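Subject: Structure handover

Hi,

Here is the structure for your files. My notes follow below it.

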Amino acid sequence: MMERATAEQIRVWAARISESDQKAFDSLFRTYYPRLVRYSIRYTNSKSVSRDIVQDAFVILWEKRKEIEPELAVAGLLYRIVRNRSLNYIRDHSVEVLGIEHPDRLEHESQTDFTEESNSQLLLKQLKSWIRELPDRQREAFRLSRFEGLDHEEIALVMDISVNTVNNHIVAALNKLKTRYEDHHKEIN
């Protein structure tokens, strides 16, 4: 099971890593590796490729450990490295890979008998569909916030935008999802 670490613990690890503390590096790795792999899979659609990308990200972090500033978001830096490497993978393998960055991607799901599914399962499916329909940057900010647990500062670092822009993306996404939900609720009642 994945560890949860506080922002203060991560700052302590970052300071220790900058001094070549392998134990702190291992703690950071164990905490973020599973999350980063899941994050990369959203781009690459390949668990093995994503594992390689995340391992490379940690190698890069270790190689640049002397440059780490503990007050900066190390988690955000890792997410940014993984994002960039995942996008590079998509660019280099664009014929083979369809990912979240491709809005024209069509998901072919088998037809199911919706009467057998509970209302909550249907609503969850609908919510996932609405999230996929969000503009790319809003979707990315929303997922990093709600599914990856990053704060606005870390998201800003990952996405290379200001904290205010992160907030604007998330608020816009929430407003769109709320509107879609309200419209959906009116339709079924």
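First, a term: buried means under 20% relative accessible area, exposed over 50%, and partly exposed in between (1.4 Å probe, protein chains only). This is a predicted model, where local features need pLDDT of at least 70, side-chain atom pairs count only at pLDDT 80 or more, and totals for chains, interfaces and linings use all residues. Residues are numbered from 1 along each chain as its sequence is written, and side-chain values use heavy atoms, with hydrogens and water left out.

The fold: the chain has 8 helices and 0 strands. Helices are DSSP runs of H or I with at least four residues, strands are E runs of at least two, and both are numbered from the N terminus. The order along the sequence is α-α-α-α-α-α-α-α.

Overall numbers: 38% of the 189 residues are buried. Take contacts (heavy atoms within 4.5 Å). Among those with a separation of 6 or more, 64% join residues 24 or more positions apart. The accessible surface is about 11,500 Å² (Shrake-Rupley method, 1.4 Å probe). Carbon and sulfur atoms hold 50% of that surface.

Two loop residues deserve a look. S20 sits between α1 (7-18) and α2 (22-44). Its phi is near 70 degrees, positive without being a glycine. S20 is partly exposed, at 28% relative accessible area. D160 lies in the loop between α7 (152-159) and α8 (163-188). D160 is not a glycine either, and its phi is positive, about 60 degrees. D160 is exposed, with a relative accessible area of 56%. For background, most residues other than glycine have a negative phi.

Best wishes
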